[in-house]
Amino acid sequence: MTSPRTTLSLVDTDPAELAVDAIVIGVHSQTTEAGTGASADALLLASGAESIAAAFDGKLTETLALLGATGGPGEVIKLATLGTVTAPLVTVVGLGPEPSGAAPAPEALRRAAGAAVRALAGAPRVALALPLPDDADAPAALRAVAEGALLGGYRFAGYKTKPQPARREPVAEVLVAVPDAADATAQAEIARAQAVAGAVRTSRDWVNTAPNELRPPVFADAVATAAREAGLEVEVLDEAALAAGGYGGILAVGQGSEAPPRLVKLTYTPAGGGNGKRVALVGKGITFDTGGISIKPAQGMWEMKSDMAGAAAVGAAMLAVAALKPAVTVTGYLPMAENMPSGTSYRPGDVISMFNGKKVEVLNTDAEGRMILADAMARACADGADYLFETSTLTGGQVIALGKRIAGVMGTEELCERVRVAGDATGEPAWPMPLPDDVRKGMESDVADISQVNAGMDRAGHMLQGGVFLREFVTDDVAWAHIDIAGPGYHSGEATGYWTKGGTGVPVRTLVHLVEDVATNG
Ligand code: BES
Ligand code: MN
Ligand code: ZN
């Protein structure tokens, strides 16, 4: 099930003369002596809007104030142009306060572009004339606008059998106004944004697909097909290969379902061997998490179709890597299983022999993510990874601790910091968390090497228990980071900025950024 695509290109024509269905400009909110509010003084048109403002004879801010504009982030106001400019519609998007002397932060532009393109569904062709700095920050700003537009224009095709007249078609074509459309740096940013946003959209499609349509063998095929088309090397381990290879964790979780588990391995090899470093990306691919024998409550269980968001992000990031061709070897590992209760399910009390030989005592079958990830991470280490980034919708504890926007990061200190920096740069915030000794002590098992969770099922340090467990499956010489995206991987609320309802595609952009970071800086 794939969503319709949006195309993107650069334009350097005067926005007032562009033959498009709508032209988007920005407006800042300003604090006046009377405070903020819908007054013309409180509004400041952003750069890029000059020729549109001139065509309105300088009356644009007044008109906007009349319509109740505040310039707040996410605000979108549409104005009929009545012949003042070529486009029939001007769309004004709020950018919040103008940062003193500087252009808006890239994330403010990304959200504004997303909100505007989303609000313009029904208009086939739109142009964005948003403020872009003319200094060294220009590429990051252009990247943000392009990504925001492509992601705000995303819509999952869905399963409705009848046409939906009230549902307007997503914008098909976006033009971004820049000073020089022939500029090579600008064109490279557009190409990159298309590859990265395309990957994010693919990961959203996988997450939004109904779980009965994306059980492990089907998900594995979908990823393998896309990866082969992108030119990646593909290996799929089925249940027999997993048994032969000793992947006890993946098999234990998968054994309760009639749809057998898989481990998909995708490899990108740079021309000439790149810089000699090897990056491993690992993503949790639980196609549906009922909890298994330790079954979850019914309320909200449907959202557990998103429990493969980590694998979707890794698979999609690999597609972007194949397009961007960084100078580093990258291997994606996507363990996939469906966590079901049945007569063949694994059970609390089971002891599982894992890929790296360690024995794990199962206490709660709902802590299944760490079981499949442990095997995949140990395999990545056995394959000789220098850097290992793993991402998963692992714990409800992440949502409690950091909320729905900020991912939790655990692992080796330097790599956690790199993930935080990458998240900051891409608009996918992530925050480092510790791996305390007392949490590891609480996971001592009476019978095995480690318990899967706290031996008394104490939920203290819930998110950290996940990180502490996964550490046991990474060899000492490997720099690693576990990125818990239980909150940011899925958006249950109304669409906002460039986030649509459902899968968010987090942390595809972070993973791509990290791969490029290692390719450039080692
Ligand atoms: N997939 C869930 C975590 C999750 C919760 C993701 C909410 C997204 C939103 C995971 O497999 C799980 O069930 N975790 C348990 C762990 C517990 C049994 C140790 C949890 O968070 O309660
Ligand atoms: Mn679970
Ligand atoms: Zn889960």
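Modeller: First a definition: a pocket is an open set of grid points with protein on both sides within 12 Å along at least five of seven lines, and its volume is the space filled by probe spheres set on the points. The model is a predicted one.

Colleague: How much space lies in the second largest pocket?

Modeller: Its lining has 16 residues, and Phe156, Arg167, Thr500, Lys501 and Gly502 lie nearest the centre. By class these 16 residues divide into four nonpolar, five polar and seven charged. The volume of this second largest pocket is about 400 Å³.

Colleague: Which domains each give at least three residues to the lining of the second largest pocket?

Modeller: The residues nearest the centre of this pocket include Phe156 and Thr500. The lining takes at least three residues from each of two domains, namely domain 1 (7–182) and domain 2 (198–521).

Colleague: Which elements give two or more residues to the lining of the largest pocket?

Modeller: The largest pocket holds about 720 Å³ of space. Its lining counts 30 residues, with Lys296, Met304, Leu394, Thr395 and Gly396 nearest the centre. The elements that contribute two or more residues to this lining are α10 (369–382), α11 (396–402) and α14 (462–471).

Colleague: How many charged residues are in the lining of the largest pocket?

Modeller: The class count covers the lining of 30 residues. Eight of them are nonpolar and eleven are polar. The charged residues number eleven.

Colleague: What is the geometry of the site of the zinc ion (ligand 3)?

Modeller: Lys284 (NZ), Asp289 (OD), Asp307 (OD) and Glu368 (OE) coordinate the zinc ion (ligand 3) at 2.0 to 2.4 Å. In sequence these donor residues follow the spacing K-x4-D-x17-D-x60-E. Six donors count as octahedral if opposite donors are over 155 degrees apart and all others between 65 and 115. With six donor atoms and angles of 78 to 174 degrees, the site is octahedral.

Colleague: Which residue bridges the zinc ion (ligand 3) and the manganese ion (ligand 2)?

Modeller: The two ions lie 3.1 Å apart. The donor residues of the zinc ion (ligand 3) include two aspartates, Asp289 and Asp307. The bridging residue is Asp289.

Colleague: In the open sheet of three strands, which are the edge strands?

Modeller: The strand order is β13-β14-β18, with mixed pairing. β13 and β14 (residues 359–361) run antiparallel and are joined by three bridges, and Val351 stands opposite Glu361 in β14. The strands that pair on one side only are the edge strands, β13 (351–353) and β18 (450–451).

Methods
Residues are numbered from 1 along each chain as its sequence is written. Chains are lettered from A and ligands numbered from 1 in the order in which they are written. This is a predicted model: local features need pLDDT of at least 70, side-chain atom pairs count only at pLDDT 80 or more; totals for chains, interfaces and linings use all residues. Side-chain values use heavy atoms; hydrogens and water are left out. Two strands pair if DSSP finds at least two bridges between them. Helices (H or I, at least four residues) and strands (E, at least two) are DSSP runs, numbered from the N terminus. On a 1 Å grid over the protein atoms alone, a cavity is a set of points where a 1.4 Å probe fits but cannot get out, and a pocket is an open set with protein on both sides within 12 Å along at least five of seven lines; lining residues have an atom within 4 Å of a point. Ala, Val, Leu, Ile, Met, Phe, Trp, Tyr, Cys and Pro count as nonpolar, Asp, Glu, Lys and Arg as charged, and the others, Gly among them, as polar. Domain bounds come from an automatic or database domain assignment. Donors are N, O and S atoms within 2.8 Å of the metal (3.2 Å for Na, K and Ca); water is not among the atoms, so sites may look incomplete. Four donors count as tetrahedral if all angles lie between 85 and 135 degrees; four count as square planar and six as octahedral if opposite donors are over 155 degrees apart and all others between 65 and 115; anything else is irregular.
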